[in-house]
Amino acid sequence: MATKAFLQQLISDQDRLNDLVEEAKMLAFQHGFVMRTQETPNSSEVVTYAPFTLFSTPVPKAFLLQALAVQTHVNTLVDKVSQDPDFLEEALAGTIQADDFTAKLFGIYKQVQQEGRRQSIVVGLNRCDYMMTQREDGTPSLKQIEINTIAAGAFGMADRLPVMHKHILRSAGLLEESECIQDIKRTPTMMGALAKAWELYGQQKAVILFLVEDFQTSKFDHRIIEKELWNRNITVIRRKFNEVARGGSLDADKNLFIDGLEVAVVYYRHGYMPGHYTEQAWDARLLMERSLAVKCPDISTHLAGTKKVQQVLARPGVLEKFFPDQPQVVEQVRATFAGLYTLDMGPEGDQAVSMALANPDKFVLKPQREGGGNNYFGEDIVRALQEVKGDERRAAYILMDRIQPRTEQNILLSRGLPVKLSTVCSEIGVLGAYVRHGGEMVLNEAADHFLRTKSIEHNDAGIYSGITVIDSSLII
C-alpha cells in the first residue's frame with residue numbers, strides 16, 4: 001500500500017507529486033468521474049472531477065467482512081420497522097412534536113395509512129455507514145453511524161474509482177499493491193432492485209421516475225445508474241417536485257401519471273431535507289405517496305431511517321421484537337451499535353442532557369436530517385442544548401457516543417483544495433437492496449461497499465459540501 005514513508009517521500013518530491021496528481025485528474029475525466037460545478041450546477045458546459053483520494057485507503061478485512069455480513073439483516077430490519085405503524089408512532093411521538101419536518105413526513109404517512117389501499121411492492125436501496133473506532137481498552141471495533149434509506153448515492157461514481165486507483169498505484173511504482181484493489185460493481189445490484197420492482201409492477205410501457213433536485217451537481221452520477229436501467233429496456237424520466245405538481249395526476253385506480261406517462265417506480269434522489277420542500281413540493285410528495293407507483297423509499301421506509309428510530313432500535317429488547325428467536329442475528333446487528341441516547345422529556349432524557357453538557361467532546365448531537373453538515377460537536381453541543389434543554393424542542397435531536405476513528409495518511413483531491421498529505425478517517429458505506437412483494441422478500445442483497453474519506457480536521461461530512469471525497473478500499 002501507499003505507506004506513510006512512501007507518502008512522505010512523495011510529498012517531498014513536488015515534481016513527481018504534481019505529475020501524479022495531474023495524471024489522476026486526467027484519469028477522472030477519461031473515466032467520466034466528473035460532476036458539475038457549484039457555480040454552474042445545471043450546466044454540463046463546465047465540469048470538474050468528482051472529489052477522490054489519490055490512493056486507496058487501507059481497511060482491515062475483518063471490519064469489512066463484519067459490515068457486509070450484517071447488511072441483509074439491516075435490510076430486513078428497515079423493512080420490518082416500516083411495516084409496524086405502532087412502533088413508528090411510538091418511536092417518533094416526541095420527535096414529531098419537536099421537529100416540523102418529521103411531523104410533515106409523518107402526516108403524509110398517516111394519511112396514506114388511513115386511505116387504505118397501498119402498493120404491495122416495496123423496494124429499498126439503503127446505505128449503512130460505519131466507522132472503525134477504538135474501544136476504551138484500546139481494541140478496535142466497528143460502529144454504525146447511520147442508516148440511509150433515502151437517496152443513498154455516489155455508488156455510480158464509486159464503480160469507476162477502482163480502475164483509476166489501480167492505474168495510479170502502478171504509475172507510482174506500487175505494482176504489487178495495485179493487484180489488491182477489487183474492481184467492485186455496485187450499480188447492477190442496486191438498479192437490479194429497481195428493475196425487479198418495475199417488472200413486478202407489470203406494465204411494459206410504464207417508466208421509472210427519478211425525483212431530482214433543482215441544482216443538479218450530481219447529475220453525472222445519476223446518469224451512470226440510469227444507464228443500467230436503459231440497458232434493461234426500462235425508460236427513465238427525470239422530474240423535479242414542481243414538475244410533478246404541474247404534470248402529475250392519479251387515475252381512478254390511483255395509478256400515477258406524469259405528463260401522460262404511467263409511472264411504475266418513483267426513485268427519490270431528493271426530498272430528504274426541509275429545504276427541498278415548498279408547499280407545492282409537499283403536495284407533489286403526497287400525490288406520489290398516495291399513488292400505486294412503487295416508491296423508493298415509500299414514506300414509512302423514509303421514516304424508518306430517521307435518527308430517532310435508530311436510537312430506539314438500540315434500546316434493550318427492541319431488536320428482539322423484530323428478530324424473534326434469532327439471537328445470533330440480534331447479536332450481529334447490536335454489536336455494530338454505538339451508544340445512543342434519547343433526549344425526549346423525562347428522567348432518561350434529562351440524564352442524557354447532563355452527560356452531554358458535562359463532557360461535550362464525548363458525544364455528537366444529531367438532528368433528524370440527512371445529507372451531511374447537520375451535526376453538533378464540542379461546544380456547539382453545549383450552545384444547542386443550553387437553548388432547548390428545558391423544553392420539548394430537545395426531542396428533535398438524539399445523542400450519540402462520538403467515534404474515535406481509525407486514521408490513515410492520504411492525499412485528498414478536491415477542486416479548490418491544496419494538495420497536501422492529510423491524516424484521514426473513512427466511513428465504510430455498505431449498500432443494500434431489497435424488494436418485497438406482499439409478505440414475500442423476493443430479493444435481499446448486500447451490494448458491497450465503498451469509502452467516503454475526509455481529513456480529521458473536519459467533524460462533519462458531505463461529498464457535495466467539499467469535505468468528504470469518494471474512496472476505494474485497499475483490504476489489509
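**Aromatic rings**

Guide: Ring pairs join Phe 101, Phe 241, Tyr 277 and Trp 282 into a cluster. Please note that this is a predicted model.

Visitor: How many aromatic pairs does the structure hold?

Guide: The structure holds 12 aromatic pairs. In one of them, the ring centres of Phe 33 and Phe 52 are 5.4 Å apart, with the planes at 80°.

Visitor: What makes the pair of Phe 33 and Phe 52 edge-to-face?

Guide: Centres must lie within 6.5 Å for rings to pair, and planes over 60 degrees apart count as edge-to-face. The centres of Phe 33 and Phe 52 are 5.4 Å apart and the planes stand at 80°, so the pair is edge-to-face. This pair links distant parts of the chain, 19 residues apart: Phe 33 is in the loop between helix H2 (14-30) and strand S1 (34-36), and Phe 52 is in strand S3 (residues 52-53). Both Phe 33 and Phe 52 are buried.

Visitor: Why is the pair of Tyr 376 and Tyr 397 called edge-to-face?

Guide: The ring centres of Tyr 376 and Tyr 397 are 6.0 Å apart and their planes are at 70°, so this pair is edge-to-face. Here too distant parts of the chain are linked: Tyr 376 belongs to strand S15 (residues 376-377) and Tyr 397 to strand S16 (residues 397-401), 21 residues apart.

Visitor: How do you know that the span of helix H10 agrees with what it should be?

Guide: The expected span is 1.5 Å times one less than the number of residues. For the 15 residues of helix H10 (residues 187-201) this gives 21 Å, and the end C-alpha atoms are 21 Å apart, so the two values agree. The buried residues of H10 include Met 190, Leu 194 and Trp 198. After H10 comes Gly 202, whose phi is positive, near 85°.

Visitor: Why is strand S7 called largely enclosed?

Guide: In strand S7 (residues 207-211), 5 of the 5 residues are buried, so the strand is largely enclosed by the rest of the structure. Val 207, Leu 209 and Leu 211 point one way from S7, while Ile 208 and Phe 210 point the other way.

Visitor: Which strands are joined to S7 by bridges?

Guide: S7 runs parallel to strand S11 (residues 261-268), with 5 bridges between them; Leu 209 has Val 266 as its bridge partner in S11. S7 also runs parallel to strand S8 (residues 236-239), with 4 bridges, and Leu 211 stands opposite Arg 239 in S8. Together with helix H11 (residues 219-230), S7 and S8 make a right-handed β-α-β unit.

**A loop and an open sheet**

Visitor: What makes Gly 275 exposed?

Guide: The cut-off for exposed is over 50%. Gly 275 has 74% relative accessibility and therefore counts as exposed. Gly 275 is placed in the loop between S11 and helix H13 (279-290).

Visitor: Why are S13 and S15 called edge strands?

Guide: An open sheet is formed by 4 strands in the order S13-S16-S14-S15, with antiparallel pairing. Strand S13 (340-342) and S15 are the edge strands: each pairs on one side only. S13 is joined to S16 by 3 bridges, and Tyr 341 has Leu 399 as its bridge partner in S16.

Key:
Residues numbered from 1 in each chain as written. Predicted model: local features only at pLDDT ≥ 70, side-chain atom pairs only at ≥ 80, totals over all residues. Heavy atoms only, no water. Phe/Tyr/Trp six-rings, centres within 6.5 Å; stacked < 30°, edge-to-face > 60°. Helix = DSSP H or I, 4+ residues; strand = E, 2+ residues; numbered from the N terminus. Buried < 20%, exposed > 50% of the residue type's maximum accessible area, 1.4 Å probe, protein only. Pairing = 2+ DSSP bridges. Right-handed = clockwise from strand over helix to strand, strands pointing away.
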